[in-house]
Amino acid sequence: MSTDAHQAAPSALDAVRRGEILADVAALRDSFDAGTTRSVEARIAQLDALARGLRAERPRLLEALELDLGKSRTESLITELGVVAQEIAHVRKNLRGWLRPERFGPGLLLAPSSGQIRREPLGTTLIISPWNYPVNLALAPLIGAIAGGNTAILKPSEVAPATSAALAHLVRAHLDPAWVRVVEGAVEETALLIEQRFDLIFYTGNGAVGRIVARAAAEHLTPTVLELGGKSPVFVDAGTDLAATARRIVWGKFTNAGQTCVAPDYLMAERSTLDALVPHLKDAVASMYGRTPQRSRDYGRMVNQKHFDRVFALIDDDKAVLGGTAGADRANRYLPPTILDGVDWDDPVMGEEIFGPVLPLLEVSGPDKAIARINSGEKPLTAYVFSPRPDVEERFIAETSSGSLALSHTLAHLGSQTMPFGGVGESGMGKYHGRASLEVFTHAKPVVKKPLRPDTLRLVTPPYRGAKRALLGQLFR
């Protein structure tokens, strides 16, 4: 997951701006301490307010996404506003049931007794969101924070300035400032925020900044959720329906101009499969974006020229079987859908998460080699397998580790409200979406009640003599 790397530099904010931010944090903590966010009814009211705000601000948000990322309005409805609206509806529908105490038996030692798990809010939380899906990845965690009964500071990415402004307007116009406040800005604002004591920091972005956030959080022993990224691999097995496979890979790769944390980063297959797949990949690009994708209303743009230059430098035109640098337009941040064949593992394009519309194809001798290659690198946020053989699918499930594993599709699982989403290892920690969002924004507190009579705990209290010692020796042998 790529963002512009915030550095842990001393804050250069003036006293007024610094005071405003600290006042926002203090006000939210006071609001939480006063019990403002505790009741289920209040949480549902704020979720409803967020849903109304999303509807009311739809034109402004769609325009902002088009300005920042060149997203078509339909793509934005599918991947940004639509999934957020569905998440709100799903959480609202199930929230009361999820918050009911879960009963458990405390065990023989405590008998007779009763126990239950109560989910309690964490407190005041900080959500730092990225620029690539700036509405979705800001509001989806916010839903979890509200559902969990927390107050929240939302820090949108300054790299998508139009969307940051639109999100700030949405929150200020439609949500209660006793629940949620927005801090816009850049490195200085983020640096000041992560210095403060929060009860949870939820960060989506790249690993370099994730480490900065984690180090700052450690000063206060603040728990963190880090949604990062990495090089998500695709393996295409021999015998797969290549036309259908190509369509799904092309959609997953080139949506949002490849600026997606779970976009297929590179593709592995046997040489004969690669040779047969390339024409289908070209056809899929043409069918979705036309012969001239630059003219397509459905093909996005790089977020800024800095990211354009970074991805542009990864393209080896000698290996381009589609796209390449010749059709690029830096002034308009356009990089064409590009496929590179004959890529080596030590090529520059394999040295980092691409986070752009470039798909390298790499030859492997079969599933054994593909699994070995995946396991030789950092654990990815997701991995993709296209195979007609259930035993091959099972091998990838059992023998590789990734935040998620998608069989015969790409990207779509990111929008699921019922499936926890998150990384492992270098690709992140913590999961959210649906019930998982409630769980990550709450503390599962065990509550155990044991009557004073009969006083069975006398059995395990000193002095340990005679029959009591013998009995305890038998029980705990």
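**View 1. Phe355 sits in the loop between strand 11 and strand 12 (358-363).** The model shown here and in the other views is predicted. The phi angle of Phe355 is near 55 degrees, which is a positive value in a residue other than glycine. Is Phe355 buried or exposed? Phe355 has a relative accessible area of 2%, and because buried means under 20%, this residue counts as buried.

**View 2. Arg333 occupies the loop between strand 10 and strand 11.** A positive phi is found here in a residue other than glycine: the value for Arg333 is near 60 degrees. The relative accessible area of Arg333 is 19%. The cut-off for buried is under 20%, so Arg333 is classed as buried.

**View 3. Strand 10 pairs with strand 11 (residues 338-340).** The two strands run in the antiparallel sense, and their pairing extends over 2 bridges. Ala320 has Leu340 in strand 11 as its bridge partner. In general, strands of a sheet pair through backbone hydrogen bonds, in either a parallel or an antiparallel way.

**View 4. A cis peptide bond joins Ala111 to Pro112.** Its omega is near -5 degrees. Pro112 is placed in the loop between strand 1 (102-104) and strand 2 (114-121).

**View 5. The peptide bond from Arg453 to Pro454 is cis.** Here omega is near 0 degrees. Where is Pro454 found? Pro454 belongs to the loop between strand 18 (442-449) and helix 15.

**View 6. Five residues make a nonpolar surface patch: Leu109, Leu459, Leu471, Leu475 and Phe476.** The area of the patch is about 470 Å². Phe476, one of its members, lies in the segment after helix 15 (466-475). The relative accessibility of Phe476 is 58%. Exposed means over 50%, so Phe476 counts as exposed.

Methods. Residues are numbered from 1 along each chain as its sequence is written. This is a predicted model: local features need pLDDT of at least 70, side-chain atom pairs count only at pLDDT 80 or more; totals for chains, interfaces and linings use all residues. Side-chain values use heavy atoms; hydrogens and water are left out. Two strands pair if DSSP finds at least two bridges between them. Helices (H or I, at least four residues) and strands (E, at least two) are DSSP runs, numbered from the N terminus. Patches are made of residues with over 30% relative accessible area and no salt bridge: like charges are joined within 9 Å, nonpolar side chains (Val, Leu, Ile, Met, Phe, Trp, Tyr) within 5 Å. Accessible areas come from the Shrake-Rupley method with a 1.4 Å probe; for residues, only the protein chains shown count as cover. A salt bridge is a side-chain nitrogen of Lys or Arg within 4 Å of a carboxyl oxygen of Asp or Glu. Buried means under 20% relative accessible area, exposed over 50%, partly exposed in between (1.4 Å probe, protein chains only).
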